[in-house]
Amino acid sequence: MQFSEFFMKATGASPYPWQSRLATAPAWPDLLRIPTGAGKTGAILAWAWRRKYGGDALRTKTGMRLVYVLPQRALVSQTADTARTWLSRLRLEGEIGLSVLMGGSVDHAWDLEPDQPWIIIGTQDQILSRALNRGYGGVSRFRWPLQFAMLHNDVQWIVDEVQLFGDGLATTAQLQAFREQFGTFGPAHTLWMSATASPEWLQTVDVRNAGRELQVWELDEADRQALSRRLMAPKPIHRCPVKLSGPLIKDASAYAKELAGWFAAEGPRDGLALIVLNRVNRAQAVFQALRQAMPDEDIRLVHGQFRGRDRAWLAEEARTLSDRRAILVATQVVEAGMDLDASLMVTELAPWTSLVQRFGRLNRTGTRASARAYWIDVDCANEQACQPYQAEALERARAQLVQLEDVGPQHLPRDIDPLTYGRVLRRRDLLQLFDTTPDLSGNDIDVSPFIREVEDRTVSVYWGTWEGATPPEVLREVSEEDVCRVPLSRLQDYLKRKRKVRGVEQVRVAYTWNSILGRFDPVSEQRVFPGWLYLLRAEDGGYDPNLGFDPDNWAEVPHPVEVKPASDVDAEDAEEDNGPAPARPVTLAAHTMDVVQEAQALHHLAGGEDMADALREAAFWHDAGKRHPLFQAKLRLAMLGEAGYRERYGHTDRGNLYPPHDTELLAKSGTQVGRMPDYRVLLSPHASSNPAEAQETPPATQDGGTTAQAGAPVAVATRNDPARQARNIRGFRHELASALAYLDAVAPEAVNDLRTRLVAYLIAAHHGKIRGQIRASTNEQAPEDGRPFARGVWEGDELEAYPIPGLGDWPQVRLSLSVMHMGQDHRGRESWAEGVQRLLEAYGPFRLAWYEALLRVADGRASRREEVESREP
């Protein structure tokens with residue numbers, strides 16, 4: 001199918017010439033600089049056509065995943081709706097996936113599909129945080145490395161409306177430079193798009209050092225002919241008699257009343273009137289003043305601090321709103337992406353790039369004969385009046401405006417303000433962010449300076465109701481329609497507010513989910529961080545469906561998140577060694593064979609046969625640590641319950657458990673494990689397979705007998721063994737035991753080889769919990785004899801031999817944690833941290849993360865297949 005036919009089928013219109021060039025060009029440009037209303041979103045169709053019909057020559061140069069980054073949630077919703085409609089019309093929904101990443105959204109279907117085309121549309125907060133390995137907003141911290149890999153390998157990034165990104169724009173440029181420096185699997189390219197952008201904005205330090213000239217595309221003569229009506233649209237402009245100065249700066253209500261009075265008396269108008277304010281509180285005040293002054297008019301309010309459910313009308317009515325008499329009061333959210341066509345615009349003075357975007361919403365189609373604009377001057381000597389902008393930028397914009405009588409595209413000067421960045425991502429920052437291990441207090445590196453400026457940093461909040469002091473775990477589940485994004489400072493303002501109710505002081509508290517401890521933690525205004533998701537009490541107010549977020553409002557918030565029945569525990573979202581549970585148990589041998597099979601199916605994504613072979617070896621060893629009696633005890637407890645477990649395996653008079661003694665080991669219990677009580681299992685210092693060393697009274701069997709199977713491995717302590725210890729089953733990480741078992745099985749002369757260290761790393765990292773460091777958790781049980789321990793594994797733990805039919809055997813092994821210490825151990829093995837650093841030097845962070853992701857995908861796909869098969873009759 002030719003691109004013109006493809007585009008027509010999706011949109012009902014013919015493509016502009018530049019869109020056709022983008023689809024068929026051998027390589028995409030770096031910067032696409034075209035006016036508003038020229039169809040930039042059509043780049044999605046150019047990518048989809050290249051993937052579907054472009055042939056091998058274009059397909060191999062076009063990333064498997066399209067990562068579409070936007071500065072605002074309203075733009076994300078609109079772009080996602082458009083893309084969804086296009087895929088439906090093209091009948092590609094089952095062939096090209098679509099995921100949306102916004103505050104509160106935990107959609108991660110895309111990160112287990114490295115071999116399928118996928119469109120990922122999200123805000124700069126959500127996508128850039130994931131691209132920095134510190135995903136915001138509800139995604140499990142243990143899933144960060146997986147999404148990091150998928151966002152940097154075999155990808156085409158589109159960064160749209162770059163003039164609104166601030167410091168995040170520098171981050172997108174640096175990440176592209178780093179992808180070119182370190183290398184990736186498959187192509188990895190970035191296309192920046194804007195009506196008002198300069199190539200100089202993208203010349204960050206590592207882009208300059210690369211010495212590559214950025215390719216810029218603009219409209220050619222054919223484009224200008226096709227877009228002539230829009231480009232020649234008349235837009236006369238006048239100064240508004242109302243000015244933001246003097247007492248009106250601090251009194252938003254007085255300012256709003258004066259502006260509403262002038263607007264009501266301004267004269268006849270038809271169609272949509274658009275009033276754009278620079279601050280949310282002023283927009284809220286003007287909206288209320290207009291409703292009082294003009295009660296019979298259709299007046300709407302839109303800004304970025306609404307819940308999804310309360311701004312849904314905009315996506316549904318944006319296009320039709322332009323065709324009827326209405327007033328839309330808005331903030332900067334209308335500057336980009338919104339397909340509005342106003343006949344009257346009133347805007348506060350803003351930086352020139354912002355004003356150009358706002359003027360793009362006036363007479364957008366060129367069909368409004370009486371279109372006109374007014375600009376409100378701002379006292380630039382007053383810092384509060386200028387916020388959120390700098391006075392110098394406003395003064396430069398004023399100097400441009402006073403010279404203009406019309407702000408149509410053909411009259412606007414091409415001068416673009418210079419851009420300076422407060423914080424720029426450097427190479428050392430990226431490498432430091434590769435390791436997602438939190439510090440000893442559970443904290444992480446703050447990536448917010450690389451995503452937005454300080455004054456523009458935001459958080460996501462939602463409201464719920466519950467009984468008691470602490471929110472229940474089920475309130476973790478929140479949909480996008482319930483989430484509201486607000487500036488960090490406004491949430492802090494909300495938390496500072498107090499009031500007395502019948503003599504009792506009412507204090508507001510926010511809650512955030514602690515994935516390490518599996519609970520909600522309360523936080524105060526000093527402990528809120530950019531990008532995080534916070535739960536608030538609906539009874540504490542702070543929101544109005546008509547006005548949005550409002551710290552002064554104490555009325556109970558309507559439609560809070562409801563407590564729903566608990567869903568399955570996310571295997572990636574707990575410190576516990578959990579896993580997805582099929583309807584029937586799965587043996588350890590069967591699961592290992594399934595994962596090896598899935599790894600073999602992904603061999604074409606490994607980048608070569610040597611790497612594919614390393615991936616298969618890692619798949620074979622990835623669950624070897626599940627032989628550990630603590631893990632087997634956990635699964636049997638899930639299957640049998642405590643009473644059934646004690647009946648089958650025996651019990652002690654001190655409440656501890658004996659380990660299981662079954663010949664066939666399990667990988668999955670057939671029952672969701674979840675967060676288990678504090679069970680303790682009696683283990684001797686070293687597990688033994690000698691039946692003579694079993695306890696004096698053999699444990700009971702399932703049928704009530706007392707005879708253990710002859711020759712079965714028995715990893716238990718004798719009743720008279722003074723060295724036995726009760727080991728906590730919580731906190732045990734099987735993948736650490738797996739990696740240590742693999743290192744023990746490798747020939748001593750090869751244990752420090754790069755390939756050996758790669759396989760060991762892939763094994764340890766396949767749940768995202770053991771990566772750059774091996775160290776004990778802050779609250780885990782320590783051995784009484786002082787031997788090394790980490791993540792539930794103790795020095796000297798012994799794993800019995802176990803066969804994997806058709807693949808080989810796991811030999812008996814005694815685990816050693818000596819690699820967790822710096823330097824070489826007594827066997828000449830380098831430390832774990834040193835090995836990971838050598839891997840980073842050899843492969844770079846993006847490819848190493850990609851190999852890590854492939855094993856996780858193979859494991860995840862095997863588990864999903866097992867779950868489906870277990871439910872079949």
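# A first look at this predicted protein chain

Welcome to this structure: the secondary structure of the protein chain comes to 25 helices and 32 strands. Please keep in mind that this is a predicted model. The chain has 873 residues, and 60% of them count as buried. Its accessible surface comes to about 33700 Å², with 49% of that belonging to carbon and sulfur atoms. Among contacts with a separation of 6 or more, 76% are between residues 24 or more positions apart.

**A covered strand, E11**

- Strand E11 spans residues 326-330, and five of its five residues are buried.
- Which residues cover the two faces of E11? Ala326, Leu328 and Ala330 lie on one side, Ile327 and Val329 lie on the other, and all are buried.
- Strand E9 (residues 272-276) runs parallel to E11 and is joined to it by five bridges. Within this pairing, valine 276 stands opposite alanine 330.
- Strand E10 (residues 299-302) also runs parallel to E11, with four bridges between them. Here leucine 301 has valine 329 of E11 as its bridge partner.

- Threonine 331 sits in the loop between E11 and strand E12 (344-348).
- Is threonine 331 buried or exposed? Its relative accessibility is 3%, so threonine 331 counts as buried, the cut-off being under 20%.
- Apart from neighbours within four places in sequence, threonine 331 is in contact with Val276, Leu277, Arg279, Val280, Ala283, Val302, His303 and Gly304. One of these, Val276, is the residue that stands opposite alanine 330 in E11.

**An open sheet of five strands**

- Five strands form an open sheet in the order E15-E14-E20-E18-E19, and their pairing is mixed.
- Strands E15 (484-487) and E19 (519-523) stand at the edges; each has a single partner strand, so one side of each is left without a neighbour in the sheet.
- From one strand to the next, the twist averages 40°.
- Strand E18 (residues 510-514) is joined to E19 by five bridges, and these two strands run antiparallel. Alanine 510 has valine 523 of E19 as its bridge partner.

**An enclosed helix, H3**

- Helix H3 covers residues 43-53, and nine of its 11 residues are buried, so the helix is largely enclosed by the rest of the structure.
- Which residues of H3 are buried? They are Ala43, Ile44, Leu45, Ala46, Trp47, Ala48, Trp49, Arg50 and Arg51.
- Just after H3 comes glycine 55, which takes a positive phi of about 80°.

- Aspartate 825 has its place in the loop between strand E32 (813-814) and helix H25 (832-871).
- With a relative accessible area of 12%, aspartate 825 is buried.
- A polar atom of the side chain of aspartate 825 lies 2.9 Å from the backbone nitrogen of arginine 827. The aspartate 825 side chain also reaches the backbone nitrogen of arginine 829, at 2.8 Å.
- Leaving aside neighbours within four places in sequence, aspartate 825 is in contact with Ser818 and Val819.

**Aromatic pairs and a cluster**

- A pair of aromatic rings is described by the distance of the centres and the angle of the planes.
- How many aromatic pairs are there? The count comes to 24.
- Phenylalanine 185 and tryptophan 850 form a stacked pair, with 5.0 Å centre to centre and 10° between the planes.
- Phenylalanine 185 lies in the loop between helix H8 (167-182) and strand E6 (188-194), whereas tryptophan 850 lies in helix H25, so the pair ties together parts that are 665 residues apart in sequence. Both phenylalanine 185 and tryptophan 850 are buried.
- Tryptophan 463 and tyrosine 543 form a tilted pair, 5.1 Å centre to centre with 45° between the planes.
- This second pair links distant parts of the chain: tryptophan 463 belongs to strand E14 (residues 458-464) and tyrosine 543 to strand E21 (residues 543-544), 80 residues apart.
- Tryptophan 463 is buried, with a relative accessible area of 1%, and tyrosine 543 counts as buried at 1% relative accessibility.
- One aromatic cluster is formed by Phe148, Phe178, Phe182, Phe434, Tyr761 and Phe846.

Terms used
Residues numbered from 1 in each chain as written. Predicted model: local features only at pLDDT ≥ 70, side-chain atom pairs only at ≥ 80, totals over all residues. Heavy atoms only, no water. Buried < 20%, exposed > 50% of the residue type's maximum accessible area, 1.4 Å probe, protein only. Contact = heavy atoms within 4.5 Å. Areas by Shrake-Rupley, 256 points an atom, 1.4 Å probe, with all protein chains shown as cover. Pairing = 2+ DSSP bridges. Axes fitted to C-alpha atoms, helices over the stretch in contact; angles between N-to-C directions. Polar contact = N/O pair within 3.5 Å; in protein donor to acceptor, adjacent residues only side chain to side chain. Phe/Tyr/Trp six-rings, centres within 6.5 Å; stacked < 30°, edge-to-face > 60°.
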